[in-house]
Amino acid sequence: FDGQDLGQSVLTWYAKPGPAGNTPKYGSLQHPNGTVLQLHFAPCNVTDGCGDSLPSVRMDASVPFDFVAVRGYFLEYSLGDDNLADDCRGGAKQSLWDEESPTRSYFTQLGYGMSAEGLDCERVGPRDDEGRESLEACKQACRENRLCNLINYRDSARMCDLRYCLNASSPHLGSNPDVGAHALIESEDT
């Protein structure tokens with residue numbers, strides 16, 4: 001499987017925009033023969049300011065086979081002095097896809113106005129009012145619950161809902177106004 005095979009695979013892009021004027025840019029650079037040379041993500045234009053509405057980009061590649069390992073390397077970098085990317089490593093070449101790193105355990109917002117409440121996502125908490133006071137408190141409650149890998153959080157009429165999903169990065173999402181679904185992605189999930 002090489003860059004040409006990747007060019008023939010189904011690439012699905014998901015983008016969560018930030019504030020006005022801060023739309024993520026993403027895509028792939030292909031050779032004329034169809035070989036994918038580079039996948040690029042630019043989720044945040046720091047000159048327009050992201051504030052608390054950090055945009056995000058996700059790409060899924062559907063390949064026609066199962067696999068047990070990935071090899072090669074990737075580069076991660078951020079613009080600006082504030083290290084705005086969750087996964088910023090300063091442009092260093094990375095060849096260990098499964099190394100222990102705080103950047104390999106993070107929450108990503110899957111959608112706003114949507115929640116994961118289907119049969120693939122069982123409710124596992126919280127107890128009482130735990131995690132309701134803020135999004136960060138809800139995330140912390142999830143990290144402390146050994147089964148939780150996804151939260152549904154509502155800011156208005158505060159609600160924290162902890163879930164265990166069969167596939168936290170791609171759960172079945174349903175419409176639910178004012179609720180945001182956030183997946184806890186761990187190194188073994190990537």
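This note goes through a predicted model point by point, from its overall confidence to individual residues.

1. Basis of the model. Because this is a predicted model, local features are reported only at pLDDT of at least 70 and side-chain atom pairs only at pLDDT 80 or more, while totals for chains, interfaces and linings use all residues. Residues are numbered from 1 along each chain as its sequence is written, and side-chain values use heavy atoms, with hydrogens and water left out.

2. Confidence. The mean pLDDT (the predictor's confidence in each residue, from 0 to 100) is 75 for the protein, and 67% of its residues reach 70 or more. Over residues 77-94 the pLDDT stays under 50, and the model has 38 contacts (heavy atoms within 4.5 Å) for this stretch beyond four places in sequence. Residues 97-103 also have a pLDDT below 50, with 15 contacts in the model beyond near neighbours in sequence.

3. Overall layout. The protein has two helices and eleven strands, these being DSSP runs numbered from the N terminus, with helices as H or I of at least four residues and strands as E of at least two. Of the contacts with a separation of 6 or more, 60% are between residues 24 or more positions apart. Buried residues make up 32% of the 190 residues, where buried means under 20% relative accessible area, exposed over 50% and partly exposed in between, with a 1.4 Å probe and protein chains only.

4. Salt bridges. The whole structure holds five salt bridges, each defined as a side-chain nitrogen of Lys or Arg within 4 Å of a carboxyl oxygen of Asp or Glu. Arginine 123 pairs with aspartate 161, their closest N and O atoms being 3.0 Å apart; since arginine 123 lies in strand β8 and aspartate 161 in strand β10 (residues 159-165), this pair ties together parts that are 38 residues apart in sequence.

5. Asparagine 152. This residue belongs to strand β9 (residues 150-154) and is buried, with a relative accessible area of 0%. The side chain of asparagine 152 reaches the backbone oxygen of alanine 116 at 2.9 Å.

6. Most residues other than glycine have a negative phi, and most peptide bonds are trans. The peptide bond from glycine 125 to proline 126 is cis, with omega near 5°, and proline 126 lies in the loop between β8 (121-125) and α2. In the loop between β8 and α2 one also finds aspartate 128, which has a positive phi of about 55° although it is not a glycine and is exposed at 74% relative accessible area. Aspartate 178 has a positive phi of about 70°, but its place is in strand β11 (residues 174-185), and at 38% relative accessibility it counts as partly exposed.

Methods: A polar contact is a pair of N or O atoms within 3.5 Å; within protein, one must be able to donate a hydrogen and the other to accept it, and residues adjacent in sequence count only if both atoms are side-chain atoms.
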